[in-house]
Amino acid sequence: MVEVSVVEKSFAERVDQWRAWLGERRRPLTVDKYVAAVVSWQGWAGDRAIDVFAPPLGDLEAWSLRMRFDGRASREGSRPAASTIKADRTALRVFYKWAFDREYTGWERDITALIAPPKVGDHLPNPVEDEVYWRFIERPCWSYQVRVAFGFAYFCGLRANEIGGLRPGDIDFGGEDVAGLDLDAGALRITRKGGRIQVLPWLLMAHWVVAQQVDAGWPMAEPEFAVWQRHVHRMSEDAVEEGREWLFDWHLSASGVPAVSNCVNKRLEYRRVTD
């Protein structure tokens, strides 16, 4: 019988090989997420003496439905969201497809193809309250880099990974007018999930959000927006001068991105009023 330590070492070597292969095909943030999921699966399976090179289908599905424990959860833990289950199962399918094609598994066929991802329904964003954002951003402890990240989330509705993946060349501070409005819309090139590229009129979107905030009784929105624009210019110029490929130094790690993914996502509202 092969000792667990030997199995773990062998599996870890395969994961390293897969990571190198995956790195040539996916974005760094996606690679990090997929590898973290597979490593988590390995630890979960090892605690239960499951053969990670030929695991039963039921165990793969059970791992993706595992209860999460943290300081805020109840003693029984909490079930992950459908989007998390889908992401975990996708990571397993990609890894085991790669391993099966190279005859690293003990299967006669790739059973991960039978794992059905849960349906993730469309839903409107659940943003933080405006008062929470403004009280939060007014604190003097934030660096201008962090304020830039918060601004991209609040004024333009970008997700954390989209913010972390910005390059200086992705930001255009002027451009053609949009929708007949007398405003320079600018152009922001972002990489969405799956590597899809989208160009947004980020300044026009931000102007719309600021107008809504002022109408709602938050007069600090306009001066804050002006300061934020200057910070974006500064960050972009610094990155170019220093020869950095990325706008933020922490682009390679999702954990390095400030917690903005639950911040206000205005993009859906913007589209709704302009369609």
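Author: Let us begin with one residue, keeping in mind that this is a predicted model. Leu 22 is part of helix H1, which covers residues 4–23.

Reader: Why is Leu 22 called buried?

Author: The relative accessibility of Leu 22 is 1%, and buried means under 20% relative accessible area, so Leu 22 counts as buried.

Reader: Which residues is Leu 22 in contact with, once its neighbours within four places in sequence are left aside?

Author: Those residues are Val 31, Tyr 34 and Val 94. For Tyr 34, the separation from Leu 22 is 12 residues in sequence and 9.2 Å in space, taken from C-alpha to C-alpha.

Reader: How many helices and strands does the protein chain have, and what pattern do they follow?

Author: The protein chain has 10 helices and 3 strands, and along the sequence these follow the pattern α-α-α-α-α-α-α-β-β-β-α-α-α. Of the 275 residues in the protein chain, 40% are buried, and among contacts with a separation of 6 or more, 61% are between residues 24 or more positions apart.

Reader: What makes helix H2 roughly perpendicular to helix H3?

Author: The axes of H2 (residues 28–47) and H3 (residues 57–64) cross at roughly 115° and come within 11 Å. Angles of 65 to 115 degrees count as roughly perpendicular, and that makes H2 roughly perpendicular to H3. The crossing in which H2 passes H3 is right-handed.

Reader: Which residues of H2 and H3 meet, and how are they divided by class?

Author: From H2 come Ala 37, Ser 40, Trp 41 and Trp 44, which meet Asp 59, Leu 60, Ala 62 and Trp 63 of H3. By class, this contact of H2 with H3 holds 6 nonpolar, 1 polar and 1 charged residues.

Reader: Why are H5 and H6 called roughly antiparallel?

Author: Helix H5 (residues 130–137) packs against helix H6 (residues 144–156) at an angle of about 165°, with the axes 12 Å apart. Angles over 145 degrees count as roughly antiparallel, and H5 and H6 are therefore roughly antiparallel to each other. Their crossing is left-handed. On the H5 side, Asp 130, Tyr 133, Trp 134, Phe 136 and Ile 137 meet Arg 147, Phe 150, Gly 151, Tyr 154 and Phe 155 of H6, and by class the contact has 7 nonpolar, 1 polar and 2 charged residues.

Reader: How do you know whether H8 is roughly parallel or antiparallel to H9?

Author: The angle settles the matter: the axes of H8 (residues 202–215) and H9 (residues 221–242) cross at roughly 155° and come within 9 Å. With the cut-off for roughly antiparallel set at over 145 degrees, that makes H8 roughly antiparallel to H9. Among the residues that make the contact are Trp 202, Leu 203 and His 207 of H8 and Phe 225, Trp 228 and Gln 229 of H9, and the classes represented in the contact are 9 nonpolar, 3 polar and 1 charged residues.

Reader: What makes Lys 97 and Asp 101 a salt bridge?

Author: The closest N and O atoms of Lys 97 and Asp 101 are 2.6 Å apart, and a salt bridge needs a side-chain nitrogen of Lys or Arg within 4 Å of a carboxyl oxygen of Asp or Glu, so the pair qualifies. Both residues lie in helix H4 (residues 82–101), 4 residues apart, which is about one turn of the helix. The structure holds 9 salt bridges.

Reader: How is the pair of Asp 170 and Arg 189 judged, with the closest N and O atoms 3.6 Å apart?

Author: The 3.6 Å between the closest N and O atoms of Asp 170 and Arg 189 falls within 4 Å, so this pair also forms a salt bridge. The pair links distant parts of the chain, with Asp 170 in the loop between helix H7 (160–164) and strand E1 (171–172) and Arg 189 in strand E2 (residues 187–191), 19 residues apart.

Reader: Why is Asp 170 called buried, and why is Arg 189 called partly exposed?

Author: Asp 170 has 7% relative accessibility, which is under 20%, so Asp 170 counts as buried. Arg 189 has a relative accessible area of 37%, which lies between the cut-offs of 20% and 50%, so Arg 189 is partly exposed.

Methods
Residues numbered from 1 in each chain as written. Predicted model: local features only at pLDDT ≥ 70, side-chain atom pairs only at ≥ 80, totals over all residues. Heavy atoms only, no water. Axes fitted to C-alpha atoms, helices over the stretch in contact; angles between N-to-C directions. Helix = DSSP H or I, 4+ residues; strand = E, 2+ residues; numbered from the N terminus. Parallel < 35°, antiparallel > 145°, perpendicular 65-115°, else oblique. Left-handed = near helix turned anticlockwise from the far one by under 90°. Contact = heavy atoms within 4.5 Å. Nonpolar A, V, L, I, M, F, W, Y, C, P; charged D, E, K, R; others polar. Buried < 20%, exposed > 50% of the residue type's maximum accessible area, 1.4 Å probe, protein only.
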